[in-house]
Structure formats: structure tokens, C-alpha cells
Amino acid sequence: MSMVRTNRERRLLRSLSVVLAGASLLGACASSDVADLKLSSPDAKVEQSTVTFLRPTIDDPDCIDPKESYSPTAVGFTTDAPVSGRLAAIRKRGFLLAGVDQDTYLFGYRSSTSKEIEGFDIDMLKAVAKRIFKSDDPKYLRLKAIKYADRIGSLVRGPNNNGVDIVADTFTMNCARWSLINFSSQYYDAAQKILVLGSSAAKNLADLSGKKVCAAKGSTSVDNLRDNNPAVLIVEVADQTDCLLKLQSSQIDAISTDDTILLGLAAQDPTLKLLPDAFSPEPYGLGLPKGDKTFTRFVNSVLEEMRTNGEWKRLYTKWIGSKTNTDADPPPAKYRAEVVG
Amino acid sequence: VAGGGWKTPTNEWGVTALGCHFIVALGVMGLYGRLMVSTKGGGGSRSKPPKTSSGSNSGVAVATAPPPIPSGPVSPGSATGVQSSQASGASGGGSGSGKRSANRSASGLGTSFLAGGSNVDPGKDSTIEAGAHAAGFGRRALGNAKTTPGRLSIALAGVAISALLLSLLAGTATIRRSAVAQDLRDNKAAVVLDLLSFDASIREADAAATTGFLAGGVEPPEQRKRYDDAIAKATKSLAEVSAAIEPKNRLAVSTIAAKIPEYTALVATARANNRQGFPSGSAYIRASSTLLREQVLPSTISLEQGALRDFKTRYADLGIGGFLGVFLGLGFVALLALMLLQRWMAQKFHRNINLGLVGATAALLISLGVSLVTATGQMSRASGAVYDGLRPSLDIAGTRVRVFSAKADDALGLIGRGNTESSFASAQETLRSTNVVYGNAELVRQFGDYVSASQIPRDLVASTNDYAKAIDEANREGQDSVNATFDAFAANSQEQLDGARDTFRSRMGTAIGTPRNRTAAIVSFLILSAVLGAWGLRMRQREYQ
């Protein structure tokens with residue numbers, strides 16, 4: 001009898017356990033319904049610069065004066081079709097691929113009316129393409145907007161590796177850059193200045209000690225600022241126009257770069273003022289591939305012709321003189337002394 | 001948002017359903033063990049109950065000899081002692097006053113309590129007096145448990161209390177489960193989906209603003225409309241999120257909301273500059289995108305993840321936890337107790353069946369069964385809502401976010417000549433997985449059309465550097481254009497998302513709909529169980545009178 005009762009008890013307990021286990025399973029089921037629910041929102045992709053800033057560290061040993069380029073009148077040089085080098089490749093390809101800025105007002109910027117990139121620098125390139133292909137058909141020139149910090153890198157990589165043939169982008173000539181690329185003869189004479197808010201009390205760079213001054217990353221402006229007043233707080237940005245946004249929103253106290261660029265920025269905002277003091281000369285040249293003297297001489301021959309036939313002066317008036325009420329002559333070309341033979 | 005005011009803690013019991021069941025199971029085994037011990041130890045409990053007699057008992061106030069429970073038959077004439085002893089609180093022993101009997105019968109906890117309180121002066125502390133009274137009550141109860149009529153009375157009280165408790169629990173469990181389902185539908189899931197809607201819309205606005213800016217001058221009216229619509233949709237979604245989200249996350253939502261005017265101001269400045277032909281507009285449009293990507297979207301994604309976690313936590317409350325778990329646990333304990341009570345009474349009174357108790361057991365069993373079926377039905381409907389409504393909603397919403405994000409990246413890439421291939425591949429992969437599960441073949445085809453169309457401006461930039469043509473292509477509105485294919489995908493995906501969301505809401509609504517008739521049936525059967533149980537017990541009790 002006792003044994004029978006024990007079995008009943010066991011059966012009761014077993015039944016109860018089964019019921020409780022079933023109830024527990026129901027509870028577990030509720031969680032499993034949603035356990036694998038997940039979201040697939042991608043992380044916000046922040047624009048990352050893919051540019052590796054190629055910064056020259058030593059001066060070119062052959063560079064005595066950075067304004068000096070290779071003469072177009074060297075013995076044996078001809079502007080007729082060369083059989084090798086970059087110039088031959090460009091002709092074979094059918095267009096000149098040029099690296100430019102699309103945000104530098106008056107020099108290289110995207111026009112909201114024509115939707116094309118235009119400016120003083122762009123017209124320089126059009127002249128080069130016209131001479132190469134002996135035609136002013138726009139199909140012979142393709143423009144590629146590049147970052148300031150990628151001007152040297154684009155030339156070093158070349159057109160077959162996401163680079164370009166030539167760069168026209170307010171490019172200051174110096175001996176350090178000559179160690180990695182060639183420059184054409186100087187085509188514009190700029191100087192570094194300072195742009196501030198109209199209400200600013202600053203009159204020169206010295207007054208900006210401890211203040212935030214903005215410049216484009218990869219430009220000589222950054223080095224010049226450090227050299228001329230180490231006490232300024234330099235804010236580096238990807239594009240010159242980013243400096244304008246920061247100045248307009250009071251995130252910085254001043255912008256310092258070439259007067260040509262500052263003129264363009266001031267033209268977009270009449271409440272800004274350009275300080276007259278210049279503290280660093282900035283000679284502009286067209287950037288070209290290192291070592292390709294033929295291509296460099298060819299480009300110099302084009303610039304030489306523009307200097308002499310009045311084309312340079314016409315373009316200056318069109319883009320800069322008419323906006324600033326100034327007149328200027330082309331900077332004289334300087335060439336390296338080369339040993340013949 | 002309907003029912004936006006409903007706010008409940010996530011788990012009011014603070015234990016998991018499994019833990020709750022474990023505790024209940026321990027309780028059941030403990031009770032079962034105690035009953036077995038008392039059944040085995042009380043040899044007299046199997047003795048034949050005394051015949052009811054009119055009695056010759058003369059003692060009323062003083063307990064006269066009650067039946068010598070648990071030892072053997074009771075002598076005639078002492079039956080009224082049962083009532084007397086019940087009234088005086090004395091336990092069986094059949095001699096002396098109730099107080100003396102209580103002292104004699106005190107054991108276990110009662111003895112320990114008396115021993116512990118022996119050093120206290122009871123005349124000086126009313127609290128101690130109250131404690132002593134409580135101890136006395138405990139002793140009387142324990143004393144009652146030693147007698148068969150006392151045990152019957154305790155069982156009667158137990159049946160009544162259990163029925164009341166179980167009725168309360170059954171009603172509360174049903175109400176709370178409906179509330180949980182409503183909270184899931186109107187708040188938790190709505191917040192997740194509204195956040196995803198905001199996420200997709202703000203990325204769509206980014207894409208429209210950037211693409212329109214590229215056109216230069218006055219942006220195409222179609223792009224402007226896309227931007228305005230997307231911003232309106234984003235702000236509406238954010239307002240709905242703000243109304244329904246957990247209070248702990250409201251600050252984060254406010255921070256995001258504060259960034260939207262900042263974003264639209266940057267876009268407006270970019271437009272103003274662009275119209276005047278100033279290239280500084282591009283700096284403003286880049287800054288607007290950066291604001292979204294660095295400040296708004298990371299916070300939004302974090303909120304989305306948190307909201308989904310909140311949904312999952314709340315959904316667990318639909319399971320056999322909380323009030324329902326306790327109800328079922330106690331219900332099964334009551335069931336077991338009823339069955340053991342019947343066995344004990346069968347042995348005690350030599351009658352195999354007590355109709356009242358059998359009826360009570362059946363009624364309790366039915367009420368538990370109905371509860372379980374109701375709960376399972378609610379869970380099944382909620383589960384169906386998740387599988388057929390929420391899951392596809394999340395998939396489609398997530399895909400929209402990915403596609404809109406890819407479009408925004410594409411537009412930004414056109415400015416900087418970036419490569420957005422990886423973003424589209426990711427969106428395509430997500431969409432293909434939903435196609436397998438939900439048969440969105442049309443959506444996949446539309447997305448494919450869009451990817452093909454958007455490849456054209458990318459190719460123009462990458463292979464020919466023809467920037468102007470690329471921008472024209474990006475802003476073209478004709479058939480098979482980037483915009484037309486994108487609009488087709490966006491409209492269809494929105495339609496499917498709305499459909500899936502409606503499915504979720506309606507299916508969840510069936511889980512919310514309180515089955516009042518079921519609840520009434522459960523409570524009725526519980527009351528019936530109590531009435532039948534009391535009737536069965538009273539029949540046996542009367543045999544002592």
C-alpha cells in the first residue's frame with residue numbers, strides 16, 4: 001500500500017513538473033520570438049579624405065631659384081609632335097587631364113550658371129590644351145577637381161593611377177616641391193595676406209597672436225604662418241572655402257593664404273576685409289610631372305606666347321582686374337641655366 | 001501615437017519566468033512533503049469519523065473532552081467539544097482549558113517563539129503583547145491543524161482564499177498582458193520604426209540637398225520637393241519618437257531635434273551662396289552633410305539599438321512570467337492540494353469520492369486550462385505580429401535606410417569623386433535577403449534599376465572625368481533616370497513598409513483585445529471551484545456536529 005502511494009506521489013510530482021516545464025517553455029518561447037530581431041542601419045559614413053598628403057621634406061639640389069624652369073628655347077626642342085614622354089601619351093589619349101580646384105573663386109571654381117569649372121587657372125589650361133591639339137574644342141581638356149593636399153600626389157601618380165597630367169591650382173613654386181615635381185615658368189605673382197571680419201581690430205599678423213587663423217592643409221600658407229608668427233593658432237581645413245564658413249560662423253579669427261584666394265573669398269562676403277600687409281611672396285606655376293623636361297618646355301612655350309601676345313593680360317583683366325580694379329603685367333619668365341650637350 | 005500615456009516597468013516581479021517557476025516548484029514540493037508527513041504521522045486521521053450526536057455535553061464555555069484526535073474513536077457525548085475547542089482555540093488533548101491545551105500542544109515554531117520571548121516582561125511593552133497575541137493565534141492555528149474538524153476548517157478557508165487570490169491574479173494577469181501588448185505596439189515597436197523612418201528620411205534629405213546643389217544655381221524643383229518632403233517626414237517621425245520613447249532617452253531625442261534646424265540652416269546658406277555663384281556654397285553643403293553624419297546619425301543609430309532592446313525586454317513580459325506565472329504556479333499548487341485533500345479525506349472518511357471536491361478540482365482544472373489557452377493564444381497572436389509584421393517592417397525600413405544612405409554617399413561622392421560602390425553593395429545584399437524571405441522581387445528589381453542608373457554618373461566621373469555630364473545625369477528626371485528609378489523604389493518600399501507596419505499593428509491588436517469572456521469564464525470557474533470545495537468540506541464537517 002505504501003509503495004503504491006509512493007508511486008502516485010511520484011506521478012503527481014512528475015505531472016506537476018511537466019506542467020511547470022511547459023509553462024517555462026512558453027515563457028522562453030516569448031523571448032525567442034524576438035531574439036534575432038536586428039537593425040541594419042549602416043553607420044554614418046563620414047567623408048574621409050583618401051588623399052595621402054605627399055609633403056616634400058628636402059629641397060631639390062638643382063633648384064637655385066624656385067621660379068626658374070626649363071627654357072622652351074633649348075637647343076633641340078620643338079613644339080611639333082614628340083615621339084615619347086607625357087606629351088606623346090596625351091596626344092595618343094586624346095585629351096589633357098588636368099587637376100584643378102573647384103572652390104577657389106576667380107581662379108578655379110564651379111560656375112553656378114555655366115555649371116562648368118572656370119577661372120584664371122582654367123584658362124591657362126585651355127591655352128595649353130589648345131596648343132597640344134591645335135584646336136580649342138573643349139573635348140581636349142578634362143578637368144578633375146582635386147584636394148589642395150593632393151596636388152603633388154596627383155602628379156606623382158599620373159593619369160593612369162587616378163592622377164593627372166598637369167595641375168593648375170594656385171600652386172606656389174618652391175625648391176622643396178621641385179624635388180618631387182616640375183613647375184612651369186611663373187604665370188602669376190601672388191603674396192600671402194590676411195582676411196578678417198570687418199569688425200576685427202587686427203591690422204597685421206602680429207596682432208593675431210593667440211588667435212585662430214585658418215589655412216588649407218597642404219598649402220605653403222601653413223608653413224609661412226608658423227615661420228612668421230609661431231604664436232598664432234593654425235586651423236587646417238581641406239578646402240579654402242571651409243575657412244570662409246568658419247570665419248562667417250565665428251569659429252576662427254582670420255584666414256591667411258594667397259591674396260588671390262582671399263580676394264575671391266572677400267568677393268563672396270562684403271563684410272570681410274583684406275589686410276594690406278603681405279608677408280610672403282607666392283609665385284604660381286603650373287605643376288608638371290617630375291623629370292619630363294619636354295612637357296615642361298612645351299608648356300613654357302605656351303606661357304611665353306601668352307605673355308607676348310597679350311593673352312595673359314586679357315585673362316587677368318577678365319578674371320581679376322575687373323573684380324579688383326587693378327591692372328598687372330605678366331611676371332617675367334626665368335629659366336635655369338642648362339649645359340648644352 | 002495611440003496609448004502614448006501608458007508607461008509600465010519592464011518586469012514588475014524582478015525575476016525571470018524561469019526563476020519564478022523554480023520558486024513555485026520548490027513551494028509545491030515543500031507543501032506536498034508536509035502534507036505527506038502529516039498524513040503518514042497521523043494514524044488517527046485514517047480513523048472513522050465520529051458519529052454526529054445530539055450530545056449530552058453540558059460544557060459550553062469550557063472545553064469538554066473533544067474527540068481524542070488523533071487517537072481512536074471519540075467517546076460519545078464529547079462531540080460538542082469540537083465547537084468549544086474551536087471557539088477557545090484549544091487543540092486536541094481533551095482536557096483542561098484552551099490555554100493549557102495550547103501550551104501542551106505548542107511545538108516547532110511556536111515553542112521556539114515562546115522560548116525566545118520568555119525573558120521579556122509582557123506587561124511593559126504593548127508591542128510584545130501584540131506579539132504574544134500573534135503567537136497565541138499561531139499556536140491555536142497549529143492546534144487546530146491537529147484535529148480533523150480543524151483541518152477541514154483550514155482547508156475550507158484555504159479553498160476560499162485560494163479562489164479569491166487566483167481570481168485576482170487571473171484578472172490582473174489578463175489586464176497586464178493586454179497592457180504589455182499595447183505598449184509593445186503603440187510605444188516600443190512604434191519608436192523603433194519611427195526612428196528608422198527618421199533615419200531614412202534625413203538621409204534622403206541629405207541626398208536630395210546634395211544632388212540639387214550639384215545642379216548649381218537654382219536647384220531643380222523636383223529635388224527641392226524631395227528635400228522638403230524628406231525634412232517634413234523626418235521631423236514628423238522625430239516628434240512621434242519623442243512622444244513615445246522612454247523618458248531616459250528624451251534628452252537624446254531633444255539633442256537630435258535641435259540639430260535639425262542647424263542642418264536646414266546650413267543647407268539654406270549653401271543654396272543662397274550657390275544662387276549667387278559663390279563657391280563657398282559647397283563648403284556649407286559639405287558642412288551640412290558632416291553635421292548629419294557626425295552628430296545626428298550616430299545618436300539616431302544608438303537610439304534605434306536601444307529602442308529595439310527595450311522592445312525585446314518588454315516582449316519577454318508576454319511570456320509566462322509576472323502575474324500569469326504566479327497564477328499558473330499557484331493554480332497548480334491549489335490543484336495538487338485539492339487532489340491530496342481528496343486522498344486524505346477518502347482515507348479519513350472511508351469514502352472514495354467527495355463530489356464537492358471532485359467538482360472543485362474539475363472547475364479549477366478548467367480555469368487553469370482556459371488561462372493557459374488564453375495566454376498561449378495571446379502569445380501566438382503576438383508572435384504572428386512579430387513574424388508577419390514587425391520583422392519585415394524592420395527589414396524593409398533597414399533596407400530603405402541603407403539605400404538612402406547610399407544615395408547620399410553617391411551625391412557626396414560626385415562632389416569629391418568618391419567611390420560609393422560598397423554602400424550600394426551592402427544595400428543590395430540586405431534587400432536580397434528580404435527577397436528570399438518575403439518575396440519582394442519587385443522591390444529588388446526596382447533597386448537594381450536604380451543601381452544601374454546611378455552607375456552612369458559615377459562612370460562618367462571615374463572613366464571620362466566628364467563632371468558636367470555626370471551632374472546632369474544625376475539630376476535628370478526622365479524615364480530610367482537616377483531620380484525616376486530611385487523614386488519608384490522609394491515609393492514601393494514605403495508602401496510595403498506601411499503594409500507590414502499595418503499588419504503588425506492589426507495582428508498585435510488581436511493580442512491586445514482583452515478576452516473578457518475568457519477572463520469571466522476563468523473567474524467563474526474559480527468561484528465555482530471554491531463553492532464546490534466548500535460544499536464538499538462542509539458535508540464532512542457537518543458529520544462532526
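Which residue stands opposite A:Asp103 in strand 4 of chain A? A:Tyr109 does. The points below start from that pair. The model is predicted.

1. **The three-strand sheet of chain A.** A:Asp103 and A:Tyr109 stand opposite each other across strands 3 and 4. Two bridges join strand 3 to strand 4 (residues 108–110), and the two run antiparallel. They belong to an open sheet of three strands, ordered 3-4-5, with antiparallel pairing. Strand 3 (103–104) and strand 5 (117–118) are the edges. Each has a single partner strand, so one side of each is left without a neighbour in the sheet.

2. **Strand 2 of chain A: burial.** Strand 2 covers residues 96–100 and is mostly covered, with five of its five residues buried. Side chains go both ways. A:Leu96, A:Ala98 and A:Val100 point one way. A:Leu97 and A:Gly99 point the other way. Residues on both faces are buried.

3. **Strand 2 of chain A: partners.** Strands of a sheet pair through backbone hydrogen bonds, either parallel or antiparallel. Strand 2 runs parallel to strand 6 (residues 141–145), joined by five bridges. Strand 2 also runs parallel to strand 7 (residues 166–168), here with three bridges. In strand 7, A:Val100 stands opposite A:Ala168.

4. **The five-strand sheet of chain A.** This sheet is open, with the order 11-10-12-9-13 and mixed pairing. The edge strands are strand 11 (233–237) and strand 13 (272–284), each pairing on one side only. From one strand to the next, the twist averages 25°. Within the sheet, strand 10 (residues 212–216) and strand 12 (residues 254–258) pair in the parallel sense over two bridges. A:Cys214 has A:Ile255 of strand 12 as its bridge partner.

5. **Chain B overall.** Chain B has 16 helices and zero strands. It has 545 residues, of which 51% count as buried. Take the contacts in chain B with a separation of 6 or more: residues 24 or more positions apart account for 81% of them. The chain exposes about 22900 Å², and carbon and sulfur atoms supply 61% of that area.

6. **Helix 14 of chain B.** This helix spans residues 467–475. Seven of its nine residues are buried, so the helix is largely enclosed by the rest of the structure. The buried residues are B:Tyr467, B:Ala468, B:Ala470, B:Ile471, B:Glu473, B:Ala474 and B:Asn475. Note that B:Glu473 and B:Asn475 are on that list.

7. Side chains of opposite charge can pair when their charged atoms come close. The structure holds 40 salt bridges over all chains. One of the pairs is B:Arg271 with B:Glu219, at 2.4 Å from N to O. B:Arg271 lies in helix 8 (residues 250–275), while B:Glu219 lies in the loop between helix 6 (148–214) and helix 7 (221–244), so the pair ties together parts that are 52 residues apart in sequence. Both B:Arg271 and B:Glu219 are buried. Another pair is B:Lys188 with B:Asp183, at 3.0 Å from N to O. B:Lys188 and B:Asp183 are both buried too.

8. B:Asp228 and B:Arg224 meet in a salt bridge at 3.5 Å, N to O. They are four residues apart in helix 7 of chain B, so about one helical turn separates them. B:Asp228 is partly exposed, with a relative accessible area of 35%. B:Arg224 is at 30% and also counts as partly exposed. Elsewhere, salt bridges that share partners join B:Asp183, B:Lys188, B:Glu246, B:Arg314 and B:Asp317 into one network.

9. **A nonpolar surface patch on chain B.** Which residues form it? They are B:Ile353, B:Leu355, B:Val358 and B:Trp535. Together they have about 410 Å² of accessible area. B:Leu355 lies in helix 11 (residues 355–416). Is B:Leu355 buried or exposed? Its relative accessibility is 58%, so B:Leu355 counts as exposed.

Technical notes
Residues are numbered from 1 along each chain as its sequence is written. Chains are lettered from A and ligands numbered from 1 in the order in which they are written. This is a predicted model: local features need pLDDT of at least 70, side-chain atom pairs count only at pLDDT 80 or more; totals for chains, interfaces and linings use all residues. Side-chain values use heavy atoms; hydrogens and water are left out. Two strands pair if DSSP finds at least two bridges between them. Axes are lines fitted to C-alpha atoms, for helices over the stretch in contact, and angles run from 0 to 180 degrees between N-to-C directions. Patches are made of residues with over 30% relative accessible area and no salt bridge: like charges are joined within 9 Å, nonpolar side chains (Val, Leu, Ile, Met, Phe, Trp, Tyr) within 5 Å. Accessible areas come from the Shrake-Rupley method with a 1.4 Å probe; for residues, only the protein chains shown count as cover. A salt bridge is a side-chain nitrogen of Lys or Arg within 4 Å of a carboxyl oxygen of Asp or Glu. Buried means under 20% relative accessible area, exposed over 50%, partly exposed in between (1.4 Å probe, protein chains only). Contact means heavy atoms within 4.5 Å.
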